[in-house]
Amino acid sequence: MNRRDLLKSAGAVAAGASLLPFLKSTAWAAPNDTVVVLIGNTINSLDIHRPGTNRPSYQVAVNVYDRLVTFGTKKLADGSLAYDYDKVEPELAESWTFSPDRKSITFKIKANATFWDGSPVTAEDVKWSFERALALGGFPKVQMGAGGFVDPAQFVAVDAKTFRIDLKRPSKLSLPNLGVPVAVVINSKAAKAKATAKDPWAAEFLHRTPAGSGAFKVERWDSGQQLIYVRNDKWVGGPLPGAQRVIIREVPSSATRRALIERGDAHLSFQIPNKDAQELNAGKKVKVTGSPIDNCLHVACLNYNFEPFRDQKVRQAVAWAIPYEQIFKQAAYGRGVPMWGGKSPKAASVAWPQPFPYSTDLAKAKALLDQTPFKGGFEVPLSYDLGVADWAEPTALLIQESLGKIGIKVTLNKVPGANWRTVALVEKKLPFLLENFGGWLNTPDYYFYWAYIKGNLFNASNYDDPTVKKLVEETLHMEKSDPSYAAKIRQMIQKAFDDVPRIPLWQPTLESAMSPKLEGYEFWFHRQVDARSYKIV
Amino acid sequence: MSGLATILSRMLQAIPTLFGIVVVTFLLTRALPGDPAAYFAGASATPESIAEIRAKLGLDQSLPVQFWRYLGSLGQGDLGQSISTGQPVSTELLRRLPASLELTLFALLMSVTVAVPLGVLAAVRQDSWVDQLCRFIVTAGVSLPTFFTGLLLVYIFYFILGWAPAPLGRLDMLHVAPPPVTGFLVLDGLIAGDLKVTWAAFKQLLLPGITLALFTLAPLARMTRAAMLQALASEYLRTARAAGLSPGRVLFVYAFRNALLPVITTLGMVFSFTLGANVLVEKVFAWPGIGSYAIEALVVSDYAAVQGFVLSMAVLFVVLNLVIDTLYTLIDPRVTIDG
């Protein structure tokens, strides 16, 4: 044997040997009390109040901190679990009472509620935490304002275990607003110890180290890779979680996430694309749950800035020309709740969202358009956010095709995610766009407030109607049990039907794939992982 | 000139280039459409809250003021705060660069081991089946996009065969990373003497490494083949054969050594390219590398992060060029480090 042959054979042997360990790959077997969850985005802070914290980070506020109240659970038609907006339940507060004029709510904090370091949860902590949400600004301040909490003076620590909120006006939104992720209760003593003159709210400290009382503590956080929760066995906010540890793993590629969940190397792949949901559901190997997202709609917005859209008949013509069924099949892959084809042109119920009385009827659309000065057709660009291109692009293409048949020439305008908020919502200058606002508080007036009132962020249509404005002002804080509430809501929905500045396409669902061994998956309005109910059987 | 003096002079020559890069990146990131303040003010933001965020991020100052501030903090080694991840940019880069370096170096090592012998063999046995095989591998490797190859390998070796471990990043959840010395998990595991972790890290490295190696195979194999062909046709080789030297000695000592120069140049270019551009491989295998960090920062207009990334890549490129030029002098005594 000469040197060359030796080298060649040595190479072959080495290559073969390197494959051997491959052949016996231990399928990762987690102990029975560890849940592995895959998410597609990245958590960038453990502090929800901090400016710059992104939405996926809200799950930390949910799992690791407590609020005064939480929401109960209900079972949906398909057997899956969801939060129940109408059932406000105790979390840190064991009971609460309204004053006779309903302008203040007094909470009694649970006697045995303690933070992780053993110190008791006091009303002072609640006050400090709420003041912090207002002081740091940004989204938390806006969300607190939705419940009428705008002034630090409204938060009163009556004694160590009694906390009172004074409201400027009674509102049905105030109590539920205390159950949103933003209204967390932080261990103010531990945080104040780490505050500095330049950073009085301990933003630097709480950004990386939570100080709470929640069901889970953060065992470790490898930014950009994973977050590991470990159970707090002294939790009093609710029933103890079934999982001892929960590993949140960040995997950007949805194809990789799909491979992992199908092979059983993870228990839950949270928020998967509709296409994967449809295919995995047919496969039957993993459980797929699609929960309708409350108070949320995928819509096509018509901007009053654009001359043809100022005419109600033109808007209605567009509403009759949208290819609803095709869009639902091709963009939503059949997963969602249809929002077209309402039986009656009159709003009969206060359910929201509800199907609008439009369907695909090109003849009707053309007839309506012919009654306007624009019967010759016109050109309009249809804009959508590239960040949601998975549903927006097929939708836009189908709308373009269909509107072309009644003489409206649509061009597509793709807007990168970084600019979308600015041009669509802040400047409101896009004439025709696809939008997907969903409100956290589940009442129709809340949706109308954000989407149908001039100047409010999600009103990309620049819609301004004095009747609707008055109705929203009256109903936003009115209790649902008030006798005039239902009639006013129906009137509001009727206006939405007739004026149609926003054409609903469908109500989206949040799809997740999970191992059949995972129980307790529950849908929440904040659309993030709430691991407190998860259990492996 | 002594070695150290040459190195220093090369570094000094690079400073005007680096300054130019800093200016260009600064202007480019701010010229991009997209308002980081609007993005980070988050859902339900009002114009007031957006203005608040903008003031907090320091973006309401004029451009020259912002640039001056940036230069000032650069001088102190502070690359700024990354708003997308909430960590200082330098911490993020220091954490992610070793991840990308480990992947790239491993992939290059694998592709060199295959590409160079393949190229040499293809040149020596021109137009034989080895040459055709070389052409085929090269074309396939360069025309298949890396995310496609990556997903295909995941599908075959993980999903169907179950041979490869779950593509969940650098290290399996069961293992704790060894104390960081070099930042390369495989080396750190060896240094710490923890063979289980070393093996686990190596297994995770294999699939993304092979994906990247298939892609970098093409330029290296072609370059080796072309350079070898040129060397084999040269005069001095004819003389060596005529002088009666053994074929092995002719091939390795005379032809190969002369063909090495263009191969090293290609290697340097491929390295700097893949370091930043292996984003797609990082996405598929959830690898916490520098490419995906930069892309995400760009999408949310995270200025400090993008500028930090470009600057560190530029510095790395300067150092790399210096290393390659030094290697030249070792291989070919006729080449001096200055040209």
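Which residues of α14(A) are buried? The legends below describe close-up views of a predicted model.

**View 1. Buried residues of helix α14(A).** In α14(A), the buried residues are A:Ala418, A:Trp420, A:Arg421, A:Val423, A:Ala424 and A:Leu425. An α-helix has 3.6 residues a turn, so residues three or four places apart point the same way. Just after α14(A), A:Lys428 adopts a positive phi of about 55 degrees.

**View 2. The contact between chain A and chain B.** Chain A contributes 40 residues to this contact and chain B contributes 47 residues. On the side of chain A that touches chain B, two or more residues come from each of α1 (3-23), α4 (138-146), β10 (245-250), α8 (254-263) and α14 (417-426) of chain A. The element that gives the most to this side is α14(A), with 6 residues. By residue class, the side of chain A that touches chain B comprises 17 nonpolar, 16 polar and 7 charged residues.

**View 3. The largest nonpolar core.** This core holds 216 residues, and A:Val37 and A:Val246 have the most contacts inside it. Helix α9 (residues 195-232) of chain B supplies the largest share of the core, 17 residues. Apart from this core lies another, of 21 residues, which includes B:Leu79, B:Val89, B:Tyr303 and B:Val306.

**View 4. Surroundings of A:Val37.** Leaving aside residues up to four places away in sequence, A:Val37 touches A:Val246, A:Ile247, A:Ile248 and A:Arg249, among others. Its partners also include A:Ala266, A:His267, A:Leu268 and A:Phe270, as well as A:Val529 and A:Ala531.

Note on methods: Residues are numbered from 1 along each chain as its sequence is written. Chains are lettered from A and ligands numbered from 1 in the order in which they are written. This is a predicted model: local features need pLDDT of at least 70, side-chain atom pairs count only at pLDDT 80 or more; totals for chains, interfaces and linings use all residues. Two residues are in contact if their C-beta atoms, placed from the backbone, lie within 7 Å. Helices (H or I, at least four residues) and strands (E, at least two) are DSSP runs, numbered from the N terminus. Ala, Val, Leu, Ile, Met, Phe, Trp, Tyr, Cys and Pro count as nonpolar, Asp, Glu, Lys and Arg as charged, and the others, Gly among them, as polar. A residue is buried if 20 or more other C-beta atoms lie within 10 Å of its own, exposed if 12 or fewer, and partly exposed in between; C-beta atoms are placed from the backbone. A nonpolar core is a set of buried Ala, Val, Leu, Ile, Met, Phe, Trp, Tyr and Cys residues joined through C-beta atoms within 7 Å.
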